[in-house]
Amino acid sequence: MKPATRLVHFESCPNDRFRPVATPLYLTTTFEQQSAFEFGQYDYSRSGNPTRAVLERQLADLEGAAKAFCFSSGLAAITAVTRLLNPKGEILASAFLYGGTCRLFTKLSQYSGLAVRYVGSTDVNSFRREIGPATRLVYIETPTNPLLRVIDIAGVAKVAHESGALLCVDNTMMSPYLQNPLLHGADIVVHSATKSLAGHSDVTAGVVAVRDTAIGEEVYSIQNGEGAVLSPFDCYLLLRGMKTLGIRLDRQESNAQKILGFLTQQSAVRHVYYPGLNDDVTGELHGSQARGGGCVISFDTGSKEASQRFVEALELFAITVSFGSVASSVSMPAFMSHVSVPLSLRSQNGLLSDLVRLSIGIEDADDLIGDLSQALAKT
Ligand SMILES: *Cc1c(COP(=O)(O)O)cnc(C)c1O
């Protein structure tokens, strides 16, 4: 099955005698047992819940994973992955990371035995130069948030594996509809399902998907043992939202293409960032590992004040952190989602104060371009 079909054709409720078409919401914390010594399929909703099981199976299938696990946020999912390294070990992370992930890694290296080092460039050779015998996990995002730089998943996976390390890819920017890192050699995929997967700005959720069953058992014991699980109601909302992931992203991307055509013609806009735009080599690399460019466009104006005037003049684009929703939004990442990226990393990853990030929704493209146009006139 192609991704668009798979999104709506899955086992929505295995073994239910009523054969419901939509997955029922099991709002129950416990499940009655036959006796003190006999356990049913489920006993306690932290350990397992039928609504969550359907969602986790569907996410595993969409990512080509052996197993997937849902957490109460993207950061809870990423935290669970770092637990695989306990008690100590080194994470070699790309310097092009979501701000909250940087903050988590900084805290972990202060309070636990974990060490974190950053690679300040997106090419495979830089990872090869920096990886060391203590590295147990290589951690990347591609395309990166917010500059949409592309990293070669298969190339970095090879570097990691030659050194005995695992590769984890944060696939939030693409979602499983557009990119499946496990099929290119990654071992672990994480998502902030808060973004495109849920898609309606109403669920905070995270996913860990793994290729290997043994790693899956470890992640399960962390999910159950630490307890940052996704609630049944949020699982239900996420399952419902994911059915339209394909048509939402198709529409968001076609809107994004029209907006790219507009933005690249504007004198007030200096550089536009989108996966592979203006660079054939990167475009080819992205095309070899993804099925589209997604719904996020960034650009700079050369002046923080001009960017601020633009952002505040927009009417359809709400000023919010986050991206991937049906409604368009705008942010200035250096002051919002990425405020906790340390200055030492910003000099490596080029996160500048005039950067504007647009998340393109499913509205009419002409309305969006009209809004962008009137706001640019005010810079
Ligand atoms: C938002 C985001 C996260 C964190 O997810 P939450 O659901 O907000 O905890 C992680 N990675 C990326 C790329 C993100 O955009």
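Close-up 1. The ligand is surrounded by 14 residues, of which Gly74, Asp170, Ser192, Thr194 and Lys195 are the closest; a residue is counted here if one of its heavy atoms lies within 4 Å of the molecule.

Residues are numbered from 1 along each chain as its sequence is written, and side-chain values use heavy atoms, with hydrogens and water left out. As the model is predicted, local features need pLDDT of at least 70 and side-chain atom pairs count only at pLDDT 80 or more, whereas totals for chains, interfaces and linings use all residues.

**Close-up 2. Ser73 in the loop between strand 1 (67-71) and helix 3.** The side chain of Ser73 reaches the backbone nitrogen of Ala76 at 3.0 Å. Leaving aside residues up to four places away in sequence, Ser73 touches Thr204, Ala205 and Gly206, contact meaning heavy atoms within 4.5 Å. Helices (H or I, at least four residues) and strands (E, at least two) are DSSP runs, numbered from the N terminus.

**Close-up 3. The crossing of helix 3 (residues 74-83) and helix 4 (residues 99-111).** The two axes come within 11 Å and cross at roughly 40°; axes are lines fitted to C-alpha atoms, for helices over the stretch in contact, and angles run from 0 to 180 degrees between N-to-C directions. The crossing of helix 3 and helix 4 is right-handed. Leu75, Ile78, Thr79, Thr82 and Arg83 of helix 3 meet Gly100, Thr101, Arg103, Leu104, Phe105 and Leu108 of helix 4.

**Close-up 4. The packing of helix 2 (residues 50-63) against helix 9 (residues 232-242).** The helices pack at an angle of about 40°, with their axes 9 Å apart. Helix 2 is therefore oblique to helix 9. Among the residues in contact are Leu55 and Leu59 of helix 2 and Tyr236 and Leu239 of helix 9.

How values were computed:
Angles under 35 degrees count as roughly parallel, over 145 as roughly antiparallel, 65 to 115 as roughly perpendicular and the rest as oblique. A crossing is left-handed if the near helix is turned anticlockwise from the far one by less than a right angle, and right-handed if clockwise. A polar contact is a pair of N or O atoms within 3.5 Å; within protein, one must be able to donate a hydrogen and the other to accept it, and residues adjacent in sequence count only if both atoms are side-chain atoms.
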